[in-house]
Amino acid sequence: MSTTNPARTSLKTPTDRLRRRVYEIIEVGGGEDWASKTFDTFIVTLILLNIAAFSAETIPDLEKRFRTEFLVFEIFSVAIFTVEYLARLWVAVEVPFLSRLSPLHARTSMARRPALIIDLLAILPFYLAQIFAIDLRALRILRLLRFLKLSRYSPAMHTLTRVLSNERRALTGAGLLLMAAMLFAASGMYYLEHAAQPEKFGSVPDAMWWAVATLTTVSYGDVTPVTTLGRMFGGIVIVAGLCILALPVAIISTGFAQELNRRDFVINWSLMSRIPMLADLDASAVAAIIPVLHAHNYPPNMKILEDGSPGDAIYFIASGRVVRHSPNGTRAYNTGDVFGTFAMILGDKHQAAFLTGSKCRLLKLHREDFLRLEITHPAVTRHIRRLAAQRGGEEAD
């Protein structure tokens with residue numbers, strides 16, 4: 001199989017080449033690219049230093065003593081984050097799934113991404129304070145949003161976000177159940193205690209504070225029932241609170257465990273853009289295929305497929321090198337290549353063994369998921385079949 005670079009092979013001007021290189025550094029990244037690793041390390045370090053500086057500024061002695069230093073560091077940080085934000089907008093036309101759009105539409109679409117919105121909100125307070133002649137110190141709290149920028153560099157945060165999105169309906173139901181329990185607890189305690197303690201349980205809204213503290217098992221002790229029935233009812237509310245609060249915890253933990261078992265790292269469009277067969281898909285097709293891709297990390301010299309094993313999946317190489325061993329010799333597959341296509345589509349067996357030649361990241365599309373996509377999103381599978389056919393005999397599994 002011939003190796004195809006997902007980057008455009010012909011860039012007309014030095015500006016195009018520079019923009020492509022900036023895109024590779026700040027969006028695509030990869031362990032093999034030292035510039036990308038340096039950039040990621042610098043940004044993560046700067047974010048952590050900003051959080052430390054924000055906390056230190058709240059100490060009066062430090063704020064008074066190092067006021068100038070804090071201001072200089074803030075200006076420096078905002079300048080760096082602004083350049084980063086503008087650079088991400090500039091390279092939007094290089095994103096495979098946006099490259100079909102006009103430059104304006106591509107950058108507008110990029111600006112609407114949650115990560116870019118967080119980037120903007122993280123620097124916005126500084127510029128608002130310069131534009132408006134009012135005290136906007138309260139907006140400094142938005143500087144804490146810079147901490148959320150770390151989610152861009154944390155697969156675990158991406159996984160948690162995906163879990164919350166996948167389980168949003170169940171979590172909404174648990175939230176409604178908690179609100180109902182709070183209302184019933186506050187109403188019950190109002191009727192049981194308002195005569196004995198009118199200053200604390202004089203209305204349902206007054207009793208709501210007790211309901212919140214009790215259902216969450218915090219129980220500050222500032223408001224407590226004094227009647228026998230009130231105490232009995234309070235005990236029931238405490239036990240109910242334990243059960244109700246366990247629901248969202250169980251939902252999130254189960255979803256997180258399932259997500260971790262399903263994939264070893266997060267699949268996003270930057271990762272998929274390294275694979276030409278996937279980079280040619282549009283945004284809607286990418287949204288359809290991402291949930292069914294299984295990702296795996298493999299160490300060097302590990303066997304992925306045995307000779308004669310069934311063709312039950314397609315393997316996309318996101319990074320690393322895979323070597324195919326057959327009686328006819330060996331063949332190397334590098335980042336962006338695909339193997340297992342024909343054996344999977346034809347339901348045949350592999351005629352060679354595949355071993356990792358280095359540390360690899362592979363995206364695996366199982367045959368049953370491929371067949372399911374043919375029903376729900378036939379355009380995606382037609383695209384894969386067409387590209388596989390175009391490659392003809394380059395791959396003989």
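Contact means heavy atoms within 4.5 Å. This is a predicted model in which local features need pLDDT of at least 70 and side-chain atom pairs count only at pLDDT 80 or more, while totals for chains, interfaces and linings use all residues. Residues are numbered from 1 along each chain as its sequence is written, and side-chain values use heavy atoms, with hydrogens and water left out.

**View 1. Thr330 in strand S5.** Thr330 belongs to strand S5, residues 329-333; helices (H or I, at least four residues) and strands (E, at least two) are DSSP runs, numbered from the N terminus. Apart from its neighbours within four places in sequence, Thr330 has Val323, Arg324 and His325 in contact. The relative accessible area of Thr330 is 58%, so this residue is exposed. The terms are set as buried for under 20% relative accessible area, exposed for over 50%, and partly exposed in between (1.4 Å probe, protein chains only). From C-alpha to C-alpha, Thr330 and Phe354 are 9.5 Å apart in space and 24 residues apart in sequence.

**View 2. The whole chain.** The protein has 17 helices and 8 strands. Its residues number 397, of which 42% count as buried. Among contacts with a separation of 6 or more, 73% are between residues 24 or more positions apart.

**View 3. Packing of helices H4 and H6.** Two packed helices are described by the angle between their axes and the distance between the axes. Helix H4 (residues 67-90) packs with helix H6 (residues 114-131) at an angle of about 145 degrees, and the axes are 10 Å apart. Here the axes are lines fitted to C-alpha atoms, for helices over the stretch in contact, and angles run from 0 to 180 degrees between N-to-C directions. H4 and H6 have a left-handed crossing, a term that applies if the near helix is turned anticlockwise from the far one by less than a right angle, with right-handed for clockwise. On the H4 side the contact is made by Glu74, Ile75, Val78, Phe81, Thr82, Tyr85, Arg88 and Leu89, and on the H6 side by Leu116, Asp119, Leu120, Ile123, Phe126 and Tyr127. Sorted by class, the contact of H4 with H6 has 10 nonpolar, 1 polar and 3 charged residues. Ala, Val, Leu, Ile, Met, Phe, Trp, Tyr, Cys and Pro count as nonpolar, Asp, Glu, Lys and Arg as charged, and the others, Gly among them, as polar.

**View 4. Leu116 in helix H6.** Leu116 is part of helix H6 and counts as buried, at 0% relative accessibility. The C-alpha atoms of Leu116 and Leu86 are 9.8 Å apart in space, and the two residues are 30 apart in sequence.

**View 5. Aromatic ring pairs.** Rings of Phe, Tyr and Trp (its six-membered ring) pair if their centres lie within 6.5 Å; planes under 30 degrees apart count as stacked, over 60 as edge-to-face and the rest as tilted. By this rule there are 8 aromatic pairs. Tyr190 and Tyr191 form an edge-to-face pair, because their planes are at 65 degrees, with ring centres 4.9 Å apart. Tyr191 is exposed at 62% relative accessibility. Tyr315 and Phe339 are stacked, because their planes are at 5 degrees, with ring centres 5.0 Å apart. Tyr315 sits in strand S3 (residues 313-319) and Phe339 in strand S6 (residues 338-339), so this pair ties together parts 24 residues apart in sequence. Tyr315 is buried at a relative accessible area of 3%, and Phe339 is buried at 0%. Ring pairs join Tyr315, Tyr333, Phe339 and Phe354 in a cluster.

**View 6. Leu363 in strand S8.** Leu363 lies in strand S8, residues 360-366. With 0% relative accessibility, Leu363 counts as buried. Its C-alpha atom is separated by 5.7 Å from that of Tyr315, 48 residues apart along the chain.

**View 7. Asn301 in a loop.** Asn301 is placed in the loop between strand S1 (293-298) and strand S2 (303-305). Most residues other than glycine have a negative phi. The phi of Asn301 is positive, near 60 degrees. At 68% relative accessibility, Asn301 is exposed.

**View 8. Cysteines.** The structure has 0 disulfides, a disulfide being a pair of cysteine sulfur atoms within 2.5 Å. Cys243 is exposed at a relative accessible area of 52%, whereas Cys360 is buried at 1%.
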